[in-house]
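Welcome! Here is a short briefing on charged side chains and how they pair up. Have a look at the sequence and the model first.

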Amino acid sequence: MAGSEPVEDKEIKSAVSSCEAYFDKVQSRKNLPKSLQETLNSAFAGIPVSSFPQVPGGRVIEIPAETPVSEAVKILSDSKILSAPVINTDHESSLDWRERYLGIIDYSSIILWVLESAELAAIALSATSATAAGVGAGAVGALGVAAFGVTGPVAVAGLAAAAVGAAVAGGVAADRGIGKDAPTAADNLGKDFYQVILQEEPFKSTTVRTILKSFRWAPFLPVSTESSMLSVMLLLSKYRLRNVPVIKAGEPDIKNYVTQSAVVHGLEGCKGRDWFDHISALSISDLGLPFMSPNEVISIESEELILEAFKRMRDNNIGGLPVVEGLNKKIVGNISMRDIRYLLLQPEVFSNFRQLTVKSFATKIATAGEEYGLAIPAITCRPDSTLGSVINSLASRSVHRVYVAAGDENELYGVITLRDVISCFVSEPPNYFENCLGFSVKEMLNR
């Protein structure tokens with residue numbers, strides 16, 4: 001229709017409105033004196049990003065866009081990181097970050113690809129011929145909608161058709177004795193999943209570039225070394241970025257990588273300073289925390305499927321869920337995106353991944369040993385806990401969220417995230433981003 005607003009612009013405006021609504025709610029509830037907030041803003045505005053501690057090892061791990069998915073998983077796991085910038089190998093020598101970097105790849109993006117590909121691989125393994133698989137754009141699209149509620153370039157490009165062809169040609173699908181429909185096949189997929197995904201084409205050659213196009217999780221917006229920590233803290237809080245790359249004008253490589261977690265660790269190191277001690281001594285309820293009401297907190301029952309947990313994280317763009325039991329939602333555990341590394345690095349888990357419950361999955365992680373990292377139980381606080389104690393829990397336990405528990409039964413009352421904590425310390429001066437960053441919010445959210 002002539003004059004109608006493009007869908008993309010509507011989505012951008014919606015995202016911006018959501019960010020602004022959250023931040024307005026925070027500012028209206030935290031009840032810090034205006035003079036104190038202005039002092040804090042001034043202090044953070046005077047701290048250059050270049051003074052922020054470097055990432056461990058002093059070098060930002062970057063992943064070339066043409067890296068196979070299996071190798072990317074290994075890089076993230078070996079480096080003990082959840083995400084990394086992706087280099088556009090077509091413009092690797094460019095000094096313009098818009099050309100040099102495609103975005104950020106993380107476990108959440110990879111797991112979505114893995115889960116969708118598992119279904120596609122199941123079609124390949126259950127088919128005796130491409131015709132039997134019923135392959136076509138319509139079939140692939142229906143699979144995406146029915147199984148995961150998603151379709152995308154990976155599916156539409158005919159990945160399933162190619163997989164079937166490769167599987168049949170290689171004898172992979174011969175006499176499997178498993179059902180002809182994808183869900184039934186996936187139920188019995190087992191280690192054959194890895195044979196197809198990691199050893200058979202076209203999955204074997206699927207690159208980070210492909211996943212990034214299909215399952216983008218967050219915008220890529222770097223700041224310069226001359227930017228202030230106020231800019232970074234506002235990007236991490238108001239605009240919901242999990243990490244902010246730091247670049248230096250005229251130089252190609254990312255100089256640093258500031259995460260929400262690193263900033264909260266930095267705040268923890270400010271103990272003894274008057275402004276920090278004043279704010280951290282306040283109870284979370286005095287600061288309006290938790291910002292979300294109990295019925296707004298996305299949770300998962302312990303007997304629900306782990307597949308549903310990861311889908312719920314994807315659908316709500318969050319990194320973790322409290323595991324609850326009973327009508328009163330007693331907190332019994334925590335599932336987060338970092339747990340996905342076990343799912344990806346242990347092929348035998350896929351022997352029944354469509355039936356694996358959250359409780360069973362957590363048990364498997366807990367007994368896996370140090371190689372994959374022990375499952376982290378839910379870290380909780382009470383409604384009368386101080387902000388300082390919450391910051392200490394986040395920093396000392398290296399977790400991304402603390403659940404607020406009420407009553408004798410540890411009932412789910414709310415959640416406090418890294419983003420919430422950072423938001424308690426900053427507010428946005430009028431027209432700050434337009435004046436100080438030189439980027440529009442629209443550009444940021446559109447990348």
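A salt bridge here is a side-chain nitrogen of Lys or Arg within 4 Å of a carboxyl oxygen of Asp or Glu. By that rule, 13 salt bridges are found in this structure. The model is predicted, so local features need pLDDT of at least 70 and side-chain atom pairs count only at pLDDT 80 or more, while totals for chains, interfaces and linings use all residues. Residues are numbered from 1 along each chain as its sequence is written, and side-chain values use heavy atoms, with hydrogens and water left out.

**A pair across the sequence**
- Glu-62 and Arg-100 form a salt bridge through their side chains, at 3.6 Å from N to O.
- Glu-62 sits in the loop between α2 (34-45) and β1 (63-64) and Arg-100 in helix α4 (residues 97-100), so this pair ties together parts 38 residues apart in sequence. (Helices, H or I with at least four residues, and strands, E with at least two, are DSSP runs numbered from the N terminus.)
- Glu-62 is buried at 18% relative accessibility, and Arg-100 is buried at 5%. (Buried means under 20% relative accessible area, exposed over 50%, and partly exposed in between, with a 1.4 Å probe and protein chains only.)

- Arg-312 and Glu-308 meet in a salt bridge of 3.1 Å, N to O.
- Both belong to helix α16 (residues 306-316), four residues apart, or about one turn of the helix.
- Arg-312 is buried at 18%, whereas Glu-308 is partly exposed at 27%.

**A network**
- Salt bridges with shared partners link Glu-62, Arg-100 and Asp-253 into one network.
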